[in-house]
Amino acid sequence: MKLHLEIWRQSGPETEGHFESVDIDDAVPQMSILELLDYINANRVEEGLEPFYFESDCREGICGTCGILVNGRPHGPDKNKPACQQRLVSFKDGDRLKLEPFRSAAYPVVRDMIVDRSALDRVMQKGGYVSVMAGTAPDADTLHVNHETAEKALDFAACIGCGACVAACPNGAAHLFTGAKLTHLSLLPMGKEERGRRARNMVDEMETNFGHCSLYGECADVCPAGIPLTAVAAITKERARAAFRGKDD
């Protein structure tokens, strides 16, 4: 399988980047995007050339580190799949692939296709956790959560924090990410004691680093965890609830 690739090169956040052309004649359709980059890098190392820098970890679609733009789309052409699960079978022989880092003002480029996504971490640090005494493991049985609520909370907790939603949004909004975290914790009894403070702090931090929601829904279209667009509504809902109940909530 022949492919022509344009791969982004950038030595750091303060330098200008450029695309470097690479032609492959023997790509295998079953390869993932990351395996293709592995193959290219292995050949470059053998030739004494500098490899392309990108991130990956589990390669099972659950860690969220492998984010890149493929022909301008976060992760790749297939909906709701991370880059490590995007296969070359989705492309045709002779296709041109443009690989570059996630594009967002909140994601400065560290090197090549690696970006700094710590702005998402700062949102989580403002309240994406439970700090109250939750008890020991056996105590979990004493807190009643019906099956439907538990399953719904798990659906929103599935967010892997890859940041594709931000890269897909024309305004660089992180509403899907933040809304998923707020919804998950609002549904469970362990997180309700600090629900108001969480909403105020997380939304304030989100708005400091990211843009306003564009209302187009591109975020849900690329989310590898399939977080529904309804998560975005949690931003307004949880902030309004916190304002109504006051600072003691």
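**Close-up views of the predicted model**

View 1. Cys 58 accordingly takes part in no disulfide, the nearest cysteine sulfur being that of Cys 63, 3.5 Å away.

**View 2. Cys 159 and the cysteine sulfur nearest to it.** Cys 159 is likewise in no disulfide, and the nearest cysteine sulfur, which belongs to Cys 223, is 6.1 Å away.

View 3. The protein contains eight helices and seven strands. Its C-alpha trace spans about 60 × 40 × 30 Å along the principal axes. Of the 249 residues in the protein, 45% are buried. Considering contacts between residues at least 6 apart in sequence, 71% join residues at least 24 apart.

**View 4. Packing of helix H2 against helix H6.** Helix H2, residues 118-125, packs against helix H6, residues 195-209, at an angle of about 160°, and the two axes are 8 Å apart. Since an angle over 145 degrees counts as roughly antiparallel, H2 is roughly antiparallel to H6. The crossing of the two helices is right-handed. On the H2 side the contact involves Ala 119, Arg 122, Val 123 and Met 124, which meet Met 202, Glu 205, Met 206 and Asn 209 of H6. By class, the residues of this contact comprise five nonpolar, one polar and two charged.

**View 5. Gln 125 in helix H2 and its separation from Met 202.** Gln 125 is located in helix H2. This residue is exposed, with a relative accessible area of 57%. Between the C-alpha atoms of Gln 125 and Met 202 the distance is 8.1 Å, although 77 residues separate the pair in sequence. Met 202 is one of the H6 residues in the contact with H2.

**View 6. Packing of helix H5 against helix H8.** Helix H5 (residues 175-187) and helix H8 (residues 230-245) pack with their axes 7 Å apart and at an angle of about 70°. The two helices are therefore roughly perpendicular to each other, and their crossing is left-handed. H5 contributes His 175, Leu 176, Thr 178, Gly 179, Ala 180, Leu 182, Thr 183 and Ser 186 to the contact, while H8 contributes Ala 231, Val 232, Ala 234, Ile 235 and Glu 238. The contact of H5 with H8 has seven nonpolar, five polar and one charged residues.

**View 7. Arg 59, with a positive phi.** Arg 59 is not a glycine, yet has a positive phi of about 55°. The residue is in the loop that lies between helix H1 (33-46) and strand S3 (69-70). Its relative accessible area of 29% places Arg 59 among partly exposed residues.

**View 8. Asn 80, with a positive phi.** Asn 80 is also not a glycine, and has a positive phi of about 55°. The loop that holds Asn 80 runs between strand S4 (73-74) and strand S5 (96-100). Asn 80 is partly exposed, at a relative accessible area of 29%.

View 9. Glu 6 belongs to strand S1, residues 3-9. Although its side chain is that of a glutamate, Glu 6 counts as buried, at 14% relative accessibility. Leaving aside residues up to four places away in sequence, Glu 6 touches Phe 19, Glu 20, Ser 21, Arg 96, Leu 97, Lys 98 and Leu 99.

View 10. Glu 16 is situated in the loop between S1 and strand S2 (18-24). With a relative accessible area of 78%, Glu 16 is exposed, in contrast to the buried Glu 6. From Glu 16 to Leu 229 the C-alpha to C-alpha distance is 35 Å, and the two residues are 213 residues apart in sequence.

Methods
Residues are numbered from 1 along each chain as its sequence is written. This is a predicted model: local features need pLDDT of at least 70, side-chain atom pairs count only at pLDDT 80 or more; totals for chains, interfaces and linings use all residues. Side-chain values use heavy atoms; hydrogens and water are left out. Axes are lines fitted to C-alpha atoms, for helices over the stretch in contact, and angles run from 0 to 180 degrees between N-to-C directions. Helices (H or I, at least four residues) and strands (E, at least two) are DSSP runs, numbered from the N terminus. Angles under 35 degrees count as roughly parallel, over 145 as roughly antiparallel, 65 to 115 as roughly perpendicular and the rest as oblique. A crossing is left-handed if the near helix is turned anticlockwise from the far one by less than a right angle, and right-handed if clockwise. Contact means heavy atoms within 4.5 Å. Ala, Val, Leu, Ile, Met, Phe, Trp, Tyr, Cys and Pro count as nonpolar, Asp, Glu, Lys and Arg as charged, and the others, Gly among them, as polar. A disulfide is a pair of cysteine sulfur atoms within 2.5 Å. Buried means under 20% relative accessible area, exposed over 50%, partly exposed in between (1.4 Å probe, protein chains only).
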